[in-house]
Amino acid sequence: MEKGANIKVSVADLGKALVTGGIGLEDVKDFQKIAADKTQNRLKSLKSFQALSTFKDTLQQRLEGRVVGGAGGRRMRSVQHLQKNVIRSVTGPDGSLAIENILGDKGDKYNLADLPQGRRDRKLYNRTEMQSPGDVMDLIAEEAVVLNVESPWWCQSCMQTPSCQKFCYPAEYATRHKSQQDGVDGGGHGEHGEHKAGHAGNMEDGEQHFGLQDFTQAGYALEDDDEHHWPDMLVPNQLGLVQAIHKKTSVQRLCYIKEKHELPQGVGPKEVRNLIRQLQRNDHANCLYLYEAFEDSEHLYFMYEHFPCVTLLSMLETHTWGQEEMVQIFRECCAATAHAASLGLLHLSWTLCHILIPAPRTKQPILSKVFGFGLMGVVINDSPSRICWAPECLERYHQAGVNGFLQKVEVTLRPQCDSWSLGTIVYSLVSRRPPALSEQQAQSKAWQFTLAIDDVDPEAKSLIEGLMDPLADRRLPAAKALHHEWIRRRWRPPQGAAQVYTALEDFCSAPLAKRLFGRFLTRFLDAQHMITVAEKFYALDVRGTGSLDHKELQIAARNAGFPPSTASKIHDWLASQAGDVSLLRFAETMAEDVIDGRALRHAFESLDDDGSEEVSPQELFDELVDLDDSITMDDVLAHIEEAEGGIGDDADGDGAQDHVIDYSEFVQLFPVRVSRMAKMRDRFEGARQTQEHLSKSFTDLQPHAERWIRMLDQTVLTIQDLASKAVDNRNENAPDAARSLKKYFAKIDEGLKTPPGPADAAEMTAKYKSNKSKKSIAVFGFDSFIQDSAILDNWNILITLEIKALKSALTQTTKVGSGVDAWKAHDAADSVSLKINDMLKRVKAQMEEYSSFTEILSLNESLMAGVNMSSRGLRPRPGEDEDDAGDHAGNDAAPSLEDGIGAFVSYYSRALLDKCNISSS
């Protein structure tokens, strides 16, 4: 063979020669170089094309045919996305075809990085050393087998269906199916069950699924801000909480909404669902509890308990709390932080707005709650304000930015960051402002005490210094700060632990149906109910941790005189998986005692699935069996029979023992409420009798008082007329007129000493002389208010001085002889007239006031109607039309409303409107 001659051989010929021993490996060591040169020469020949743009058009058409033809039963990427990526890889910045992108760099003539990867050895092309000819031949042979035998072109459409994949590739199909199941459990679910590794969640037309219930199917509706009155607008504006209400049960929730595309980087469905599970385990008295979470195509909805509240920031400058109230708030924040940390939930996004104080108890705070545990790094990566953050978090935040700073904070350092934030809360409570006024000051750890620290105990200063130590390792953990000297000195559990434990033991000894019914009612308790429960709960929480352990129950049992076994029974029924009794579980024991109002009606309607306004045994059983599957229908029937037996005498014969509970029977399930309503009936009956007595008392007095007032008015007019005649020089009978004043003075004096009322003249004389009688008058009676005023103002001596002056004027002696001093008598008459007119003015005002009261009290006030309908819109009772309610619209005492028991209908506003001639709608 001539040197330099071109020899054409195929790959098969080389392989055959290598197997038979005709050639050796050293003879073909440059086979890789030969193959690479051959490929590059063919690619470079593309440059000789006159119309390189046709290659780009042809490639785009091929891609369109490939994507459309391979769609099959699988959801693939969009055509535009695939075209964009491939065209970008073979074109330059100006859009022209770039052969260099295919051939590689000039310095790397044998770049194999762009060759197709084989399924058997994917790491082969990652090697940097030169490959042997055998490896290259194996790859060529494998590609031929895959394209012509394993996956021929005529089977491509069939291979896309799951049934063919299961038959032809059982191992790969099983692995893919297992990945799909893992995606549903830990990474979301899609319409076709497809899960892609390295993605935050399943994507379907750009939609990301987290495996949560759809919000539109959950039955909740969001309220507008203008429809809901917020006690503090910082709650929606700073925390992002909105009001949500269930369309069927009317249960209210505080909803935190987060857009999915705003989640921190690297957070997927698995992380979100793990957070939700942890937050639902975080059942603590001072943590805003997460009941459930939902999603839609764009948002996540976190449904927290409804809690009307104000933020600590809004109360910081206006509160009048003493040290006991400050310690109470801080103790509850510490207890919440310690409990959340035990579950692996940290806050790390503290602001003064995250501390929520119940709106009804701002003056004496109790049951404060903390919002935001566990959200940082999973749902949020920033907060509205960072002056309460620890310096370590601020430093990483300014270095790495909002998306990556949390990963820079060591895991062991994060609890100490929450300790620093707790120190800022104590400092703010004492000084009415945060220790740092800017992020730079907070990061530099440059803070100092204000003069307000001198107004509190020295232990408060040591607590702040321990929590805000510059060295993170020396900071007090929340669990230790909970037992600090300042808290032990200023906080004591409420009294009445023995009575609370007695009621607790009675509940846990009740039948299973009654206990489960109490658990069912807890979901309808509102914030005011929970505050009432918390006051009893704290009486047993001697450690102040916000939960009850077995030891605390044993101490309460010993103090209440019960054996220790009762504490074990209570603990076994109420304790959660963590081993402690939470406030929410404790509320089961008091739910029947505190529930009332609309919460009671909502509970009834949630049981009444068919809207018949009656609860059947099956409906009640369906609710209770979800709470404990050991309950039987017999237990439910026994509970209903007990409820119906409690109203046996009051119920009609048709409704007694029918095993169906209507609303009037449903309310009998709550003995404390029944007792309270009985007291309201007694109070109403007593008020009615009192009204009748007061009205009769004034009615009997009124004619006598009016005659007395007319007598005094006429006498005063006569005195004024006689006084004018006494000083008239033209009147010949002027001296006689002056002497006539004496008789009328005596008449007025007698009327003042014996005003109308229940006491006679002798009794009034005795009361005038007794100082004890004056001190005993606390209120003015409806029949004695005139006599009471006479005793207090000493009417018996009201005109004594004027009587003496008149007597002196009538016995005046001059040098000429005896006569009458007319002007002196006139002055005495004027003084009497002024005093009597002033006294009568006050008496007439009292008469008008008591007359108005009597007019209102004498009218029969109607009772409020029993609650028959609610926002759910139950259907009318049998025999009633939908517009029957309007038949008695103008009659407050309509017959259908008389059986209701509730608050009084106020008549005062209508009386005022009628008096002002204003018609009320």
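Student: Why does Glu623 count as buried?

Tutor: Glu623 has a relative accessibility of 18%, and buried means under 20% relative accessible area, with exposed over 50% and partly exposed in between (1.4 Å probe, protein chains only), so Glu623 counts as buried. This is a predicted model, in which local features need pLDDT of at least 70 and side-chain atom pairs count only at pLDDT 80 or more, while totals for chains, interfaces and linings use all residues. Residues are numbered from 1 along each chain as its sequence is written, and side-chain values use heavy atoms, with hydrogens and water left out.

Student: Where is Glu623 found, and what is Glu623 in contact with?

Tutor: Glu623 is found in helix H29 (residues 617-625), where helices (H or I, at least four residues) and strands (E, at least two) are DSSP runs numbered from the N terminus. Leaving aside neighbours within four places in sequence, Glu623 is in contact (heavy atoms within 4.5 Å) with Phe520, Arg523, Ser606 and Leu607.

Student: What makes H22 and H28 roughly perpendicular?

Tutor: The axes of helix H22 (residues 512-521) and helix H28 (residues 598-607) cross at roughly 110° and come within 11 Å; axes here are lines fitted to C-alpha atoms, for helices over the stretch in contact, and angles run from 0 to 180 degrees between N-to-C directions. Angles under 35 degrees count as roughly parallel, over 145 as roughly antiparallel, 65 to 115 as roughly perpendicular and the rest as oblique, and H22 and H28 are therefore roughly perpendicular to each other.

Student: Which residues make the contact between H22 and H28?

Tutor: On H22 they are Phe517, Phe520 and Leu521, and on H28 they are Ala603, Ser606 and Leu607.

Student: What makes a set of residues a nonpolar core, and which members of the largest one touch the most others?

Tutor: A nonpolar core is a set of buried Ala, Val, Leu, Ile, Met, Phe, Trp, Tyr and Cys residues joined through side-chain atoms within 4.5 Å. Of the 90 residues in the largest such core, Phe302, Tyr304, Leu312, Phe330, Phe371, Val379 and Leu422 touch the most other members. Helix H13 (residues 323-342) supplies the largest share of this core, ten residues.
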